[in-house]
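Me: I want to learn how to read helix packing and salt bridges in a model. Please take me through them one at a time.

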Amino acid sequence: METAKKEFQNLVYQSMKSYGLDELSSKLLAVLYSAPDPLTLDDLSKKTGYSFSAVSAAMKLLSGVKLVEKTKRSGSKKLYFSVQRDMLTLSINAIRSKNEHMVVPALQNLPAMIERCRNSDAEGSEDMLNIIEDYYQQMVALELIFKKLIEYTENIRAEVNKR
């Protein structure tokens with residue numbers, strides 16, 4: 001059974017690495033995915049061989065982007081971490097997080113920047129305007145892509161759940 005668990009963790013690890021996650025984050029997600037119950041920072045440190053502080057920093061990042069969930073148990077001061085085991089939900093959460101942290105702020109802030117560049121006669125303002133407008137158009141496209149991707153994924157989940 002231990003061999004199957006290690007093989008499974010390696011598979012999840014490689015999968016997370018393909019998402020562009022660093023080695024520690026990928027290992028943490030692999031360990032959490034294969035754990036039947038939530039784990040503490042101390043548990044994760046022991047299971048990965050990384051320091052408590054490195055694990056803590058990585059878990060803060062992973063929980064911030066909604067890849068892991070943290071909870072407290074009554075009567076305990078320790079934080080417990082778990083991972084969403086539904087890969088469709090995990091993917092949707094990752095897309096929503098990217099939209100929330102990258103696209104939404106860009107769409108809120110770029111129009112004012114574009115206007116300032118349009119009204120500026122400073123040297124290089126036209127080049128900067130072109131760069132910012134191009135980036136803005138990319139964010140508009142990403143917002144639509146993320147919306148459609150979430151809708152498509154949720155439709156697939158509904159189809160799969162009917163079976």
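The dialogue below covers helix pairs, then salt bridges.

Reply: First, the ground rules. This is a predicted model, where local features need pLDDT of at least 70, side-chain atom pairs count only at pLDDT 80 or more, and totals for chains, interfaces and linings use all residues. Residues are numbered from 1 along each chain as its sequence is written, and side-chain values use heavy atoms, with hydrogens and water left out.

Me: How are two packed helices described?

Reply: By the angle between their axes and the distance between the axes. Axes are lines fitted to C-alpha atoms, for helices over the stretch in contact, and angles run from 0 to 180 degrees between N-to-C directions. Helices are DSSP runs (H or I, at least four residues), numbered from the N terminus. Here, H5 (residues 87–118) packs on H6 (residues 125–162) at about 155 degrees, with the axes 8 Å apart.

Me: Which orientation do H5 and H6 have to each other?

Reply: Angles under 35 degrees count as roughly parallel, over 145 as roughly antiparallel, 65 to 115 as roughly perpendicular and the rest as oblique. H5 and H6 are therefore roughly antiparallel. Their contact residues divide into 23 nonpolar, four polar and seven charged. Nonpolar means Ala, Val, Leu, Ile, Met, Phe, Trp, Tyr, Cys and Pro; charged means Asp, Glu, Lys and Arg; the others, Gly among them, are polar.

Me: At what angle do H2 and H4 cross?

Reply: Roughly 80 degrees, with the axes of H2 (residues 23–34) and H4 (residues 52–64) coming within 10 Å. H2 and H4 are therefore roughly perpendicular. Contact means heavy atoms within 4.5 Å. Leu24, Ser25, Leu28, Leu29 and Leu32 of H2 meet Ala54, Val55, Ala58, Met59 and Leu62 of H4. That contact has nine nonpolar residues, one polar and no charged.

Me: How many salt bridges does the structure hold?

Reply: Five. The test is a side-chain nitrogen of Lys or Arg within 4 Å of a carboxyl oxygen of Asp or Glu. One of them joins Glu154 and Arg96 at 3.0 Å, N to O. Glu154 lies in H6 and Arg96 in H5, so the pair ties together parts 58 residues apart in sequence. Another joins Glu133 and Arg118 at 2.6 Å. Glu133 is in H6 and Arg118 in H5, so this pair links parts 15 residues apart in sequence.

Terms used:
Helices (H or I, at least four residues) and strands (E, at least two) are DSSP runs, numbered from the N terminus.
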